[in-house]
Amino acid sequence: VIDCKYVEAQAFSNGLALVRRGDDQYIEYINKEGVTVISPEITKKWDRVYPFTANNRAMVYKESTGYGLINIKGEEVLPCAYDKLFFLTPYYTRLPYIMYGAASGDGEEAQYMIVNNQGELMEGKYNDLGYMGENGWCAVAENIGEESNGSLRQRWKYIDLKGDTVLELSEKYTWAGPFFPVL
């Protein structure tokens with residue numbers, strides 16, 4: 001269906017596939033007709049590019065500045081300014097959208113943020129994040145001190161898709177996971 005002119009090709013994801021031609025070290029995105037949608041001239045701005053997700057966003061990485069997101073036009077919708085960028089929406093859910101977590105810094109100094117379905121940062125910074133549950137709630141934590149053994153104490157709560165607190169947990173909980181339906 002598509003000419004054999006690529007030395008690398010990944011599976012289609014949301015209608016686009018990452019491919020690389022033999023003479024070119026840069027990746028391009030093609031549609032299911034084999035037409036280049038995002039050219040190597042655009043993708044060479046990043047050191048790494050990833051497949052598109054269900055919300056028409058793809059992660060990109062620049063070694064000098066960090067991770068970001070692009071749209072299907074190849075435009076950065078979240079600048080490459082984060083030390084980490086990861087999925088908050090687990091693959092095993094039935095959620096129709098993808099949310100991301102973004103982090104700056106490491107260890108106790110890390111600041112985590114939530115990136116919404118449009119690729120925009122939501123209000124709020126946290127010291128830890130859990131996964132997004134099927135109810136649209138995400139577990140977030142704030143550092144509140146240290147235990148006598150030197151380990152970090154955190155207080156967990158759940159926030160909704162607007163960033164509003166929907167459930168605060170007691171300090172006795174050391175982690176909070178996502179909500180899933182009981183089968």
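Strand 2 and strand 3 (residues 27–30) run antiparallel and pair over four bridges. Ala-17 faces Ile-30 of strand 3 across this pairing. The model is predicted, with a mean pLDDT of 89 for the protein. Residues with a pLDDT of 70 or more make up 97% of the protein.

**Confidence**

- Strand 1 (residues 6–9) has the lowest confidence, with a mean of 89.
- Strand 15 (residues 165–168) has the highest, at 97.
- Where pLDDT is low, predicted coordinates should not be read in detail.

- Four strands make an open sheet, ordered 1-2-3-4, with antiparallel pairing.
- The edges are strand 1 and strand 4 (36–38). Each has a single partner strand, so one side of each is left without a neighbour in the sheet.
- On average, neighbouring strands of this sheet are turned by 45 degrees against each other, direction ignored.
- Strand 1 is joined to strand 2 (residues 17–21) by three bridges, and the two run antiparallel.
- Tyr-6 has Arg-21 in strand 2 as its bridge partner.

**Aromatic pairs**

- The structure contains eight aromatic pairs.
- One of them is Tyr-29 with Phe-52. The ring centres are 4.7 Å apart and the planes stand at 70 degrees, so this pair is edge-to-face.
- Tyr-29 belongs to strand 3 and Phe-52 to strand 5 (residues 48–52). The pair therefore ties together parts that are 23 residues apart in sequence.
- Both partners are buried: Tyr-29 has a relative accessible area of 1%, and Phe-52 has 2% relative accessibility.
- Trp-156 and Trp-175 also form an edge-to-face pair, with 6.5 Å from centre to centre and 65 degrees between the planes.
- Trp-156 sits in strand 14 (residues 152–159), while Trp-175 sits in the segment after strand 15. This pair therefore links parts that are 19 residues apart in sequence.
- Trp-156 is buried, at 1% relative accessibility.
- Trp-137, Tyr-158 and Phe-179 make up one aromatic cluster.

**Ile-72 in its loop**

- Ile-72 lies in the loop between strand 7 (66–70) and strand 8 (76–82).
- Its relative accessibility is 38%, so Ile-72 counts as partly exposed. The buried class stops under 20%, and the exposed class starts over 50%.
- Leaving out residues up to four places away in sequence, Ile-72 touches Leu-16, Val-37, Ile-38, Phe-52 and Asn-56.
- Ile-72 and Ile-38 are 34 residues apart along the chain, yet their C-alpha atoms are separated by 7.5 Å.
- Phe-52, one of the residues touched by Ile-72, is also the ring partner of Tyr-29.

- Strand 9 (residues 84–87) pairs with strand 10 in the antiparallel sense over four bridges.
- Leu-85 has Ala-102 in strand 10 as its bridge partner.
- Strand 10 (residues 100–104) has four of its five residues buried, so the strand is largely enclosed by the rest of the structure.
- Five bridges connect strand 10 with strand 11, and these two run antiparallel. Gly-101 stands opposite Ile-114 of strand 11.
- Strands 10 and 11 form a hairpin with six residues between them. In the turn, Gly-105 has a positive phi of about 90 degrees.

**Phe-86**

- Phe-86 is part of strand 9.
- Phe-86 is partly exposed, with a relative accessible area of 24%.
- Neighbours within four places in sequence aside, Phe-86 contacts Met-59, Met-99, Tyr-100, Gly-101, Ala-102, Tyr-112 and Leu-129.
- The C-alpha atoms of Phe-86 and Ile-114 are separated by 9.8 Å, and the two residues are 28 apart along the chain.

**The largest nonpolar core**

- This core has 15 residues.
- Those with the most contacts inside the core are Leu-88, Met-99, Ile-114, Leu-129, Cys-138 and Val-140.
- Strand 11 (111–115), strand 12 (128–132) and strand 13 (138–146) each give two or more residues to the core.
- Leu-88 touches Met-99, Ile-114, Leu-129 and Cys-138 among others, not counting residues up to four places away in sequence. Its contacts also include Tyr-100, Gly-101, Gly-130, Tyr-131 and Met-132.
- In soluble globular proteins, nonpolar side chains tend to be buried together.

Definitions and conventions
Residues numbered from 1 in each chain as written. Predicted model: local features only at pLDDT ≥ 70, side-chain atom pairs only at ≥ 80, totals over all residues. Heavy atoms only, no water. pLDDT = per-residue confidence, 0-100. Core = buried A, V, L, I, M, F, W, Y, C linked by side-chain atoms within 4.5 Å. Buried < 20%, exposed > 50% of the residue type's maximum accessible area, 1.4 Å probe, protein only. Contact = heavy atoms within 4.5 Å. Pairing = 2+ DSSP bridges. Phe/Tyr/Trp six-rings, centres within 6.5 Å; stacked < 30°, edge-to-face > 60°. Axes fitted to C-alpha atoms, helices over the stretch in contact; angles between N-to-C directions.
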